[in-house]
Every structure is written in C-alpha cells, then in structure tokens.
Amino acid sequence: MDKVFIEALEVDTVIGIHDWERHIRQTLSFDIELGFDNRVPAASDQVADTLDYDAISRRITAFVQQSQFGLVETLAERCAALVLAEFNVRWLRLKLSKPGAVRNARAVGVIIERTQESAG
C-alpha cells in the first residue's frame, strides 16, 4: 500500500493530568502516515484524485485545538477515528509526541496503527 504522510504537524492544546496542565496550552507534534492508493492520481495528474493532506491537517488541527483530554492516548485514538471516518483512508499510523513532558527527554507519546476495520 502506498503512503501519504504529514510530518511534524504542531498543534497547541490543553492536555495533561496535572492541575497546572489544565490551565496552559502545550504544543503537541503529530506524524501521520496514511494508507492510500496513489496510482489513480499518479495516472490522472488531477488533484481531485489525491488524498487531501491539507484538509486532513486542518481537520486534525481544529479538533485538537478544541480538545481538552487528559491523556495523549485518548487524543491519539480520537484523531485516528476522525481521519478514518471522514477521509478515504484505509490505514493510518499516528505518532503523537508531547515535547518536554519528561525531564531529559525530547518528547514522550504514543504510536498507534488503525485500519478501517478496526475503526468500526
């Protein structure tokens, strides 16, 4: 399967379980791989046949900015479900990073893989 990717999509949101985290916005970073058959757009050379990664980026950004989850695990699951439900994607791999959450680590987070079958 071909993959379309969105790398280092940064979004500010309220996230975390500590009281102090509920009063600030933190920047999260998303790396997303999307399973999509690129043969049709490659043959047609028409943007209408492609996977609109700009629309996906805007949708995730809007969703995350409005969210206030405690756990990155919950946010990752909801973002994956949203993309699978709203876009023509059969499979995705989503890496959600929370920079600065642990001392001496660049980031912590989760990596999940989901398919259309597992979203239903």
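This is a predicted model: local features need pLDDT of at least 70, side-chain atom pairs count only at pLDDT 80 or more; totals for chains, interfaces and linings use all residues.

Mentor: Happy to! Now take helix H3, residues 72–86: its 15 residues reach 21 Å from the first C-alpha to the last, close to the 21 Å expected at 1.5 Å a residue.

Next, look at which residues of H3 are buried: Val72, Leu75, Ala76, Cys79, Ala80, Leu82, Val83 and Leu84. As background, an α-helix has 3.6 residues a turn, so residues three or four places apart point the same way.

Helix H2 is a partner of H3. From H2, Ile56, Arg59, Ile60, Phe63 and Val64 meet Leu75, Arg78, Cys79, Leu82, Val83 and Glu86 of H3. Among these H3 contact residues, Leu75, Cys79, Leu82 and Val83 are also buried. The two axes come within 11 Å and cross at roughly 140°. The crossing of H2 past H3 is right-handed.

Now for the sheet. It is open, with 4 strands in the order S1-S2-S3-S4 and antiparallel pairing. Strands S1 (3–13) and S4 (107–115) are at the edges with a single partner strand each, so one side of each has no neighbour in the sheet. On average, neighbouring strands are turned by 15° against each other, direction ignored. H2, residues 53–66, packs on this sheet, touching S1 and S2 (26–35), and its direction makes about 25° with that of S1.

Note on methods:
Residues are numbered from 1 along each chain as its sequence is written. Side-chain values use heavy atoms; hydrogens and water are left out. Two strands pair if DSSP finds at least two bridges between them. Helices (H or I, at least four residues) and strands (E, at least two) are DSSP runs, numbered from the N terminus. Axes are lines fitted to C-alpha atoms, for helices over the stretch in contact, and angles run from 0 to 180 degrees between N-to-C directions. Contact means heavy atoms within 4.5 Å. The expected span of a helix is 1.5 Å times one less than its number of residues. Buried means under 20% relative accessible area, exposed over 50%, partly exposed in between (1.4 Å probe, protein chains only). A crossing is left-handed if the near helix is turned anticlockwise from the far one by less than a right angle, and right-handed if clockwise.
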